[in-house]
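I opened the model and kept notes as I went.

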Amino acid sequence: MAKRVQPPLRRGRLVPMVGEGRGLQTPPTRTGPGGGPGAEPGAAPPQRHRVPAPGPRPERQPAGRAGGGCRAGTSCGCRAPTTLALPPRHGEQILQQLRALGASLDWSRCAFTMDPGFSRAVTEAFVRLFEAGLIRRDQRAVTWSCALRSALADIEVEPRVLTGPTALNVPNCPHPVTFGVLVTFAYPVEGDDGLEVPVATTRPETLFGDVAVAVHPRDPRYLHLQGRRVRHPFSGALLPVVSDPSVQPQLGTGAVKVTPGHSPQDLALARAHALPLLSVIADDGTLCPPGGGWLQGVPRFEARAQVVAALAQRGLLRGVTDHAMTLPLCSRSGDVVEFLLKRQWFLTCGDMAREALQAVTSGRLRLVPKFHEKNWKSWMESAGDWCLSRQLWWGHRVPAYQVRPGPAPRGGPPGAPEDEEGEDEDEDEDEEGPWFVGRSEAEARAAAARALGCPARELHLRQDPDVLDTWFSSALFPFAALGWPDQSADFGRFYPNSLLVTGSDLLFFWVARMAMLGQRLTGQLPFTQVLLHSLVRDPQGRKMSKSLGNVIDPRDLIGGATLQELQEKLQTQTLDPQELRAAQEGQSRQFPQGIPECGADALRLALSSHNAHGPEIRVGVASVLAQRRFCNKIWNALGFVLRAGQGRGEPPKPPEEVLPEAPMDRWLLARLAGAVAECGRRLEALEVHGAVAAVQSFWLRSFCDVYLEVAKVSLQCPRLRPGAQATLAAAAELGLRLLAPFAPFVAEELWQRLPRAAPAPPSVSLAPFPEPARLAHWRCPELEARVAAMLELVRAVRGLRETLRLGGAARPPVLVQIPEPAHDWLEQLGPAFQTLSRAGPVELLPLGAEPGPGWAGAKAASGAFVHLRIQGLVDPDAARAQLRSRLRSLRGAQQHQAREELARLERSLEGLETPGDPPGGGLNK
């Protein structure tokens with residue numbers, strides 16, 4: 001049902017809004033890889049992003065000259081035909097990027113917030129909220145971007161803290177503007193007694209909008225002036241001196257200028273004292289003082305200097321001093337935000353915010369990482385009204401209609417959008433009539449006819465030319481994309497969702513609003529968990545920006561691009577010439593040779609291996625290339641596995657049924673079972689980087705670095721070969737399944753080449769993800785501990801070989817000193833130890849015994865020692881010089897720790913010329 005909105009009474013006059021426009025929807029939804037091709041249809045519908053508004057609005061065309069585009073108020077909700085191609089073009093680019101990255105999504109449910117069904121949901125939401133009394137039209141000082149010529153939400157304003165004078169580049173200003181300066185001038189008091197009231201301000205250009213001077217009622221400096229009037233320096237108008245307890249006498253001069261048209265605080269004060277309301281800055285940032293004048297049409301920051309000079313010329317300037325301040329900036333355009341007096345539509349968020357806060361405190365909604373709950377609480381407790389109106393070129397038009405004076409226009413149907421029939425939009429808004437909200441113009445017209453008691457066809461209705469904030473439609477996405485307000489099958493099956501993954505910078509822009517509107521309109525939270533990842537930055541920690549030239553198209557990292565191709569892409573971006581030059585220079589510095597081909601798997605691994613719970617994610621080409629090398633290593637390892645399995649007679653078993661006997665075979669499967677369990681724990685905790693680390697650790701440190709070296713020997717032994725072949729096949733098959741969510745392309749390619757037990761699914765993405773419970777029988781903590789101790793000995797031997805520069809062909813005898821209980825397991829793992837350490841004969845040396853001359857020793861973990869026979873393998877003089885050079889290269893704690901060990905090695909070198917025989921011991925070969 002449509003309702004009527006009565007315009008509140010107001011004083012003074014308003015500068016009428018220049019032109020009208022439509023805005024491009026811009027909710028930057030981060031759509032990550034989901035599920036797999038086997039995921040349930042509809043579980044993750046992708047969302048096409050929207051493109052930022054193209055800048056200042058052109059002049060309005062006369063009626064009937066819109067270039068053949070759709071007319072505002074029709075089902076598509078657009079006016080400018082040239083913008084119609086932007087969302088499909090940019091949306092298609094994003095979809096191509098997602099496909100190139102290997103995102104497994106239900107592409108048939110791709111949703112765009114300007115689709116007809118979604119647009120109906122937006123209108124329905126606005127009407128329901130209006131009927132519930134949560135949306136109303138009011139005159140307030142709204143945050144305004146003069147560069148965009150549109151209102152902003154409060155959370156679209158970024159505070160910039162200035163400690164003093166600071167020169168900043170402002171859009172549409174040819175020269176930098178200095179902020180952080182406090183200007184003090186005098187208001188002469190009416191009469192001939194020579195009294196004056198000094199006032200300090202950081203915005204002297206707004207002086208033309210002053211309607212009073214306010215002082216604290218108990219400030220002794222101004223008690224004698226309360227009730228008197230001061231004379232405006234330029235217009236000569238007499239302004240009252242009012243007393244108000246909100247004035248802070250300790251700040252500035254203790255007297256403040258009251259400019260209600262450009263300050264929310266001054267607006268509240270002016271209304272409390274029944275003062276007139278004046279606006280002196282136009283939508284485009286130029287001055288429009290009452291009655292015109294010498295600053296009419298002058299840009300606001302140019303006018304600032306002229307006002308200060310004019311005050312000095314009149315002898316009223318009392319000083320200019322440095323001043324620490326917080327400057328509000330538009331997060332979208334970088335413009336300095338103005339407060340302009342506007343009639344807009346506002347959504348009351350208090351009750352919805354309290355419900356959203358309670359959802360988190362009760363645990364029904366989980367924020368990850370948990371520290372975001374503090375920010376959530378702070379914002380929800382102070383949530384104010386949300387300004388929904390935007391003065392942009394394209395978007396969802398506000399479904400509100402105003403009854404205008406005079407008869408209805410002739411020559412068109414009742415539903416025609418009458419604002420394009422040539423009426424004067426710059427008409428003073430003080431004359432606006434009642435407003436009616438409806439799902440259609442016909443519904444609003446019928447409601448107006450009932451309320452006003454006149455025939456519907458005689459009413460002259462005009463739809464609000466503004467569009468809704470893009471975040472309003474984006475906040476409906478979890479349920480509007482599934483068919484709401486209809487109770488569709490998709491809505492019943494997939495709503496509410498389970499997990500939202502998005503950037504931490506969207507916690508309030510998007511997540512909070514989805515939670516508020518979801519609960520209000522559907523009665524349920526739209527999701528139960530939110531993973532808020534940190535911002536992706538370049539290797540220098542800078543935010544990615546087109547003007548810096550550090551934005552990377554993922555397709556360029558995947559397929560590679562030359563510097564020329566990168567710079568040709570910049571030509572298609574909406575950059576002014578100065579920004580374009582800066583971006584090209586940035587690209588030339590960062591990618592002088594272009595971007596090498598890295599592949600989608602390498603990019604996915606590079607992104608997901610960073611801790612998304614941390615302060616930032618720094619991604620550069622180097623980190624992606626490192627992951628490409630990991631993929632190459634997996635490729636080579638699987639080549640070895642396939643060659644090792646050639647000629648194997650028996651068909652492969654299901655991996656879970658493989659039960660080898662050799663210690664190292666059992667150890668590898670135990671490590672795989674541990675990696676599966678760790679990966680599952682990390683994914684449950686939404687720690688994707690931990691899951692990737694577990695998978696990569698298995699492949700690199702267990703499979704490639706250790707087991708493959710041992711398997712090369714085992715495959716030469718007829719007794720060990722079958723177990724090694726079965727272990728290789730089982731570990732490779734399950735390992736690829738574990739890797740597939742993070743590197744799907746290489747996993748799919750290699751998995752298809754592996755022999756598999758029947759019946760096998762057609763794709764690795766359809767194969768069951770490894771489950772810890774099904775691999776629990778592989779776990780053997782005792783064996784894993786023994787192999788870990790053996791690998792510590794291997795590392796000690798390898799460290800000695802590296803320090804003494806022993807060649808790869810050298811196989812020196814090794815003496816091992818370990819506690820007595822370890823003798824048995826070292827005998828079992830002796831062959832693996834010899835293989836991994838490239839050792840000759842291995843013998844046990846009792847603890848405390850000395851090996852004699854010709855041996856070099858090193859300490860391993862848990863009190864164990866290893867000794868290498870280096871007689872005849874090392875040149876003493878060259879080795880001694882190498883040791884001293886290494887000692888000099890170390891610093892601090894490293895030098896202290898290495899000094900003792902290097903000194904022991906040097907003593908070993910002194911006895912190389914003295915032949916000696918190794919002491920006897922139990923041989924473990």
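What follows are my notes, from the whole chain down to single residues.

**Ground rules.** I am working with a predicted model, where local features need pLDDT of at least 70, side-chain atom pairs count only at pLDDT 80 or more, and totals for chains, interfaces and linings use all residues. I number residues from 1 along each chain as its sequence is written, and side-chain values use heavy atoms, with hydrogens and water left out.

**Whole chain.** I counted 25 helices and 30 strands in the protein chain. Helices (H or I, at least four residues) and strands (E, at least two) are DSSP runs, numbered from the N terminus. Of the 925 residues, 52% count as buried. Buried means under 20% relative accessible area, exposed over 50%, and partly exposed in between (1.4 Å probe, protein chains only). I then looked up contacts, meaning heavy atoms within 4.5 Å. Among those between residues at least 6 apart in sequence, 78% join residues at least 24 apart. The chain exposes about 41200 Å², and carbon and sulfur atoms supply 53% of it. Accessible areas come from the Shrake-Rupley method with a 1.4 Å probe; for residues, only the protein chains shown count as cover.

**The four-stranded sheet.** I traced an open sheet with the strand order β10-β11-β9-β12 and mixed pairing. Its edge strands are β10 (229-231) and β12 (255-258), each pairing on one side only. The twist averages 30° from one strand to the next. Two strands pair if DSSP finds at least two bridges between them. β9 (residues 212-215) and β11 (residues 238-243) pair in the parallel sense over 3 bridges. There I found V215 opposite S243 in β11. Helix α3 (residues 264-272) packs on this sheet and touches β9, β11 and β12. The direction of α3 makes about 85° with that of β12. Axes are lines fitted to C-alpha atoms, for helices over the stretch in contact, and angles run from 0 to 180 degrees between N-to-C directions.

**V298.** I next stopped in the loop between α3 and α4 (300-313), where V298 is found. Is V298 buried or exposed? V298 counts as buried, because its relative accessibility is 14%. Leaving aside neighbours within four places in sequence, I listed its contacts as G285, T286, L287, A303 and Q306. L287 lies 11 residues from V298 in sequence, and the two are 5.5 Å apart in space, C-alpha to C-alpha.

**Strand β15.** I checked how β15 (residues 338-347) is covered: 9 of its 10 residues are buried, so the rest of the structure largely encloses it. Strand β2 (residues 135-145) runs antiparallel to β15, joined by 10 bridges. A141 has L341 in β15 as its bridge partner. β15 also pairs with β17 (residues 386-387), in the antiparallel sense over 2 bridges. In that pair, F346 stands opposite C387 in β17.

**The three-stranded sheet.** I traced another open sheet, in the order β16-β24-β23, with parallel pairing. β16 (366-368) and β23 (499-503) are the edge strands, each pairing on one side only. Here the twist averages 20° from one strand to the next. β16 pairs with β24 (residues 529-533) in the parallel sense over 3 bridges. V368 has L531 in β24 as its bridge partner. Which helix packs on this sheet, touching β16, β23 and β24? I found α11 (residues 507-522), whose direction makes about 160° with that of β23.

**A surface patch.** L683, V688 and F769 form a nonpolar patch on the surface, with about 200 Å² of accessible area together. Patches are made of residues with over 30% relative accessible area and no salt bridge; like charges are joined within 9 Å, nonpolar side chains (Val, Leu, Ile, Met, Phe, Trp, Tyr) within 5 Å. A salt bridge is a side-chain nitrogen of Lys or Arg within 4 Å of a carboxyl oxygen of Asp or Glu. V688 sits in helix α18. I read V688 as partly exposed, because its relative accessible area is 31%.

**Helix α23.** My last stop was α23 (residues 830-837), which is mostly covered, with 6 of its 8 residues buried. Those are G830, A832, F833, Q834, L836 and S837. What covers them includes α17 (663-684), α18 (688-714), α21 (781-803), β27 (814-817), α22 (823-828) and β28 (842-844). Just after α23, I noted that R838 takes a positive phi of about 50°.
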